[in-house]
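Subject: Structure for your review

Dear colleague,

Please find below the structure that I am handing over to you. I would be grateful if you would look at it before reading my notes, which follow it.

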Amino acid sequence: MTNLIRIILAVILPPLGVFFTVGLGKSFWINILLTLLGFIPGIIHAVWIIAKQSEQ
């Protein structure tokens, strides 16, 4: 799955973008918490996780 699709998913539903990037790890649960606390922090975290993963 390309990073562009993951970023689009991260904007629509942030935990879904993180799930397709790292699975059910710690980052996924942190993203769910951030999304529940505020949608924008969830999006920022999701895009950051996707960008960080694409560097590796």
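**A buried valine**

Val18 has a relative accessibility of 0%, so it counts as buried, the cut-off being under 20%. Please bear in mind that the model is a predicted one. Val18 is located in helix H2. If residues up to four places away in sequence are set aside, Val18 touches Gly23, Ser27, Phe28, Asn31, Ala46 and Ile49.

**How the helices are arranged**

The axis of H2 and that of helix H3, which covers residues 26–37, come within 9 Å and cross at roughly 175°. An angle over 145 degrees counts as roughly antiparallel, and H2 and H3 are therefore roughly antiparallel to each other. On the H2 side, the contact is made by Pro14, Pro15, Val18, Phe19 and Val22. On the H3 side, Ser27, Phe28, Asn31, Ile32 and Thr35 take part.

How do H3 and helix H4 run, parallel or antiparallel? Helix H4 spans residues 39–55, and its axis comes within 7 Å of the axis of H3, with a crossing angle of roughly 155°. H3 is therefore roughly antiparallel to H4. In this pair, H3 contributes Ser27, Ile30, Asn31, Leu34 and Thr35, which meet Phe39, Pro41, Gly42, His45, Ala46 and Ile49 in H4.

**Partly exposed residues**

Phe39 lies in helix H4. With 38% relative accessibility, Phe39 counts as partly exposed. Apart from neighbours within four places in sequence, Phe39 is in contact with Val11, Ile12 and Pro14. Phe39 and Ile12 are 27 residues apart in sequence, and their C-alpha atoms are 9.9 Å apart in space.

Val11 is part of helix H1. Its relative accessible area is 43%, so Val11 is partly exposed. When neighbours within four places in sequence are left aside, Val11 is in contact with Phe39 and Ile43. Val11 and Asn31 are 20 residues apart in sequence, and the distance between their C-alpha atoms is 12 Å.

Leu13 is found in the loop between H1 and H2. Leu13 has a relative accessibility of 43% and therefore counts as partly exposed.

**A nonpolar patch on the surface**

Leu13 is also one of the residues that form a nonpolar patch on the surface.

Yours sincerely,
A colleague

How values were computed:
Residues numbered from 1 in each chain as written. Predicted model: local features only at pLDDT ≥ 70, side-chain atom pairs only at ≥ 80, totals over all residues. Heavy atoms only, no water. Patch = residues over 30% accessible without salt bridge, like charges linked within 9 Å, V, L, I, M, F, W, Y side chains within 5 Å. Areas by Shrake-Rupley, 256 points an atom, 1.4 Å probe, with all protein chains shown as cover. Salt bridge = Lys/Arg side-chain N within 4 Å of Asp/Glu carboxyl O. Helix = DSSP H or I, 4+ residues; strand = E, 2+ residues; numbered from the N terminus. Buried < 20%, exposed > 50% of the residue type's maximum accessible area, 1.4 Å probe, protein only. Axes fitted to C-alpha atoms, helices over the stretch in contact; angles between N-to-C directions. Parallel < 35°, antiparallel > 145°, perpendicular 65-115°, else oblique. Contact = heavy atoms within 4.5 Å.
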